[in-house]
Amino acid sequence: MMAIDIEYAYKILHRLRSAFPKVQVELETDPFRGLILAILSQNTRDTYAYTAYRSLEERIGLSIEDILKADEESIAEAIRSAGLQREKAKRLKEAAKFIAGMGGSLKSILDLPLDEARAKLMEIEGIGRKTADVILLFYGGKPVIPVDTHVRRVSARLGLTGRGIGYEEIRRGLESLYKPEDYMDVHLLLIALGRSYCRSRKPRCSLCPVNDICPSRT
Ligand code: SF4
């Protein structure tokens, strides 16, 4: 693997900012809605998750109270398009119960120091590292780079992180290369690159905006 240096890491970031100038995420105003979306997005495509989210909004509602009041079966039916609807309905109920038990606001968790907030979120059944980190970055403004399947694959191919290493090593490795104010862009842009060019199968290297500096170009 090539030596990873900050200059190389930033060269990639600058290229990706130019290649994907409009990449951004539309945040929900209520962090609990963000948590709902993060749960619905697990193991599925964003479009299916958004369809389920809109259906949930219409049929059940998106507040903690709405989720607490509804029965699991009705929630599962409303979010069917996201797949794994029974598990996800259970997770939504668990999340609502947990946050209600914390005083009814996700903000009370997000205001904790990073490691504490992360540990607290991961106490919710079905909330793993990635989902917790997405909530912490997007809604808590915490300095963390969530590692999804695209971030994992693309950062390894680019040589920003090693191959075959675990979530925490990848996250810490990326965080050591970039300034905290760039973490959101790093997360979003590596995903954009993974979706558009650096696909799991048959990466489109000849069209990729970083193909002249990528050590894995084919
Ligand atoms: S050159 Fe190929 S392997 Fe490298 S980042 Fe681009 S698509 Fe991925």
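**An all-helix predicted model**

Buried residues, meaning those under 20% relative accessible area with a 1.4 Å probe and protein chains only, make up 47% of the 218 residues in the protein. The model is a predicted one, with local features needing pLDDT of at least 70 and side-chain atom pairs counting only at pLDDT 80 or more, while totals for chains, interfaces and linings use all residues. Residues are numbered from 1 along each chain as its sequence is written, and side-chain values use heavy atoms, with hydrogens and water left out.

As for the fold, the protein has twelve helices and zero strands; here helices (H or I, at least four residues) and strands (E, at least two) are DSSP runs, numbered from the N terminus. The C-alpha trace spans about 55 × 35 × 30 Å along its principal axes.

Helix 10, residues 149-157, is mostly covered, with seven of its nine residues buried. These are H150, V151, R153, V154, S155, A156 and R157. Their cover includes helix 11 (167-177) and helix 12 (183-196).

T29 sits in the loop between helix 1 (6-19) and helix 2 (31-40), and it is exposed, with a relative accessible area of 79%. From T29 to A100 it is 71 residues in sequence and 18 Å in space, C-alpha to C-alpha. The whole accessible surface comes to about 11100 Å², with 48% of it belonging to carbon and sulfur atoms; such areas come from the Shrake-Rupley method with a 1.4 Å probe.

Then there are the charges. The protein carries 35 positive and 30 negative side chains, and the centres of the two sets lie 7 Å apart. Lys and Arg count as positive and Asp and Glu as negative, leaving out His and the chain ends. Each charge is placed at NZ of Lys, CZ of Arg, CG of Asp or CD of Glu.

Finally, the cysteines. A search of the whole structure turns up zero disulfides, a disulfide being a pair of cysteine sulfur atoms within 2.5 Å. C198 is buried, because its relative accessible area is 11%, and C214 is buried too, at 19%.

Key. Buried means under 20% relative accessible area, exposed over 50%, partly exposed in between (1.4 Å probe, protein chains only). Contact means heavy atoms within 4.5 Å.
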